[in-house]
Amino acid sequence: MNLGPIKYLIKERLGLQFAEHTEDALRRALAKRLAGTGAASVAAYMQRLDADEAEWHELTSLLTINETYFYREPQHLRLLTGALTTELLTRVAPGKRVRILSMGCSTGEEPYSIAMALREQYGESADRLFEIAAGDVDHQALDKARTGVYGAYSFRALPSELAGRYFTPVDAHHRQIDPALRRLVALRQVNVLAEAYPQDWAGQDVVFFRNVSIYFDAATRRAIHQRLQALLNPGGYLIVSATETLPNDFGLMNLEERDGVFFFVNRLAAQTRTKTPAFAEPLKSPTGSDGRRKDDRQFQPDPVKPTPPDLSTHEVGYQNALMLTREHRFDEALQALALLCVGDAAQSHHWALQAHVLLERGDAVGALAAVERALALDAWSVDALLLQGRIARFQGHLESAIGHFRQVVYSRPDCWPAHYHLAELYRDRGQTALAVREYRIVLRQIADRDGAMQTAGRLPLAMSIQDLRFLCETQLSRLGQTAD
Ligand SMILES: C[S@@+](CC[C@H](N)C(=O)[O-])C[C@H]1O[C@@H](n2cnc3c(N)ncnc32)[C@H](O)[C@@H]1O
C-alpha cells in the first residue's frame, strides 16, 4: 500500500503526521474505511474523499486521538480562575463577558472543566460574566460532548465533590453533565488549520490549546500560533500544556510564568519581544512598593535570549530531571525536561524520560508523542521501546503491549524489565507456563544486582531489585512453581 499521497493529504488538511512507526494506526483506519466505502484501493478512496465531506469526517474520527479527562492539568484552571480572570474582569468593557475558547476540545472534558472551575469561583454569576466556546475537528467527539455522558475514565482527576455537584448518574458506570453547565459551552466543528475561523470567535481573552500541538510539526505549530494570536485580544492569554510551552515559543507571543505555571501572552506589537530564561531561572513579574504585582502591560523582562545549554549542562539538567522524577515531583521534572527537549541538543533519553513522567501522570497520549520523538532520535532506544509497551499496557491494549515487549527481548534478551512485563501480562491472561518462564528469566537476570542495574535502561525503576526478586518469587509460588 503506497501511503505517501494520503499521508500528504492528511497532513495538509488536519496537520497530523504519521511517522514510519505510527503508520499502523493509519493502515488500520484506511482498512476500515476502504471496507466501509467499498473503495478498491487507497487511490480510489482518495477520490471518494475529494467528493464526499462526510467520508472525510469518518476518516478524521478514526485518525484523531481524543484522550482527555476532567480537570487535566488543574494548575491551568487555578491560573484561570485566580490571576487571569481577576485581571480580565477589570479589563472587559461594561456589559461584555470575558471570552474563553477551548480549541481541540475533544469530547468536552476541557471546556466543561473550565465551566465548572468558573462556577466554583464565581457561583451562578459565572454564567453572565463568562462566555465559553469550544471547537474540534472531530464530529464524533463533538457529538459525545453534546450528549455529555461520560464513563469513569473521564473522572479520574475530578474531585469527587465536583462530580457529585455537576453530574447525574445514568447507570452504574456513566454520569451525565448538568444541563445548566452544558449550556455554558458553545460547541463547534472547526479545523484549527482552516483558513478562517468562525467570525464570532474573534476577540478571545483566553484560548486553551492543550495537547493538540504535539501531533504537528514545527512549521504547522507556528502557523497555528499565528492564527490563534489573531483570535486573541491584545493582552489575551494562550494556555498550552506544560510540555508544549518551549517547543511552541516562536517569538510571536511572550512566554511568561506565574506561580510556576507557564503560558503565552499576546503582548501589544510595539512591545519588545522577550524570551524568558524560563526554567533555569523562573521569570517573576516585579512587584511595586506596595508589594502588589505591577500591571503586566508595563512589564519589560530581560530581552536577552538564553544561550542554548552545552552538553554537560544538558547532562546536569537530565540528572536533575531524573532526581525530580524519582521524588515524584512530576511538574518540576516536566519543566526541567521541556528545556532539555527544545532545540538540536535534545537527545533520545530526554524524550524518553519525558514520556515516562507523562505516563506516571496518566497522560498516555502525551507519553506516546514523547516516545515517538525519542525513537526518531534513536530507533533502538531500549527505554523508548519499553515505554511503548508500558503505554499500550496502560491503555489496556494487552496484545500490542506483549508485541512491544517481545520486540525488546528479541533485540535485547538481557532486558529483564521487558521479561518482567511479559511475565505480568501472561499471568494476567492466565498463560501460566509462559508467565512462569518469564519470571524465572527475570530472577536469573537480576541475580547479579550490578549487572541488572546496567541492563535496566536509564529510567527510574518502579521498585528495588530486592523487592523485584521477592515479587517474582511470590508470583511463582502463587502459580505453584519455584524459582528454577
Ligand atoms: C488529545 S486531545 C486534547 C483534548 C484537550 N484539549 C485536552 O487537553 O484534554 C486532541 C484533540 O485535538 C483534536 N484535533 C486534532 N487535529 C485537529 C485539527 N486540525 N483541528 C482541530 N482539532 C484537532 C483531536 O480531534 C482531539 O480531539
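Biologist: Which residue in strand 5 is the bridge partner of glycine 151?

Modeller: Histidine 174 is the bridge partner of glycine 151. Bear in mind that this is a predicted model.

Biologist: How do you know that strand 3 and strand 5 pair?

Modeller: Pairing needs at least two bridges. Here 3 bridges join strand 3 to strand 5, residues 174–177.

Biologist: What is the order of the strands in the open sheet?

Modeller: The order is 3-5-4, and the pairing is antiparallel.

Biologist: Why do strand 3 and strand 4 stand at the edges?

Modeller: Strand 3 (149–151) and strand 4 (167–169) each have a single partner strand, so one side of each has no neighbour in the sheet. On average, neighbouring strands of this sheet are turned by 35° against each other, direction ignored.

Biologist: Now strand 9, residues 254–258, where glutamate 256 lies. Why is glutamate 256 called buried?

Modeller: Count the other C-beta atoms within 10 Å. Glutamate 256 has 22. The cut-off for buried is 20 or more. Therefore glutamate 256 is buried.

Biologist: How far apart are the C-alpha atoms of glutamate 256 and threonine 245?

Modeller: They are separated by 9.7 Å, and the two residues are 11 residues apart along the chain.

Biologist: What makes up the shell around the ligand?

Modeller: The ligand is surrounded by 23 residues. The closest are Thr64, Thr68, Gly104, Ser106 and Asn211. By class, the shell has 9 nonpolar, 8 polar and 6 charged residues.

Methods:
Residues are numbered from 1 along each chain as its sequence is written. This is a predicted model: local features need pLDDT of at least 70, side-chain atom pairs count only at pLDDT 80 or more; totals for chains, interfaces and linings use all residues. Helices (H or I, at least four residues) and strands (E, at least two) are DSSP runs, numbered from the N terminus. Axes are lines fitted to C-alpha atoms, for helices over the stretch in contact, and angles run from 0 to 180 degrees between N-to-C directions. A residue is near a molecule or strand if its C-beta atom, placed from the backbone, lies within 6 Å of it. Ala, Val, Leu, Ile, Met, Phe, Trp, Tyr, Cys and Pro count as nonpolar, Asp, Glu, Lys and Arg as charged, and the others, Gly among them, as polar. A residue is buried if 20 or more other C-beta atoms lie within 10 Å of its own, exposed if 12 or fewer, and partly exposed in between; C-beta atoms are placed from the backbone.
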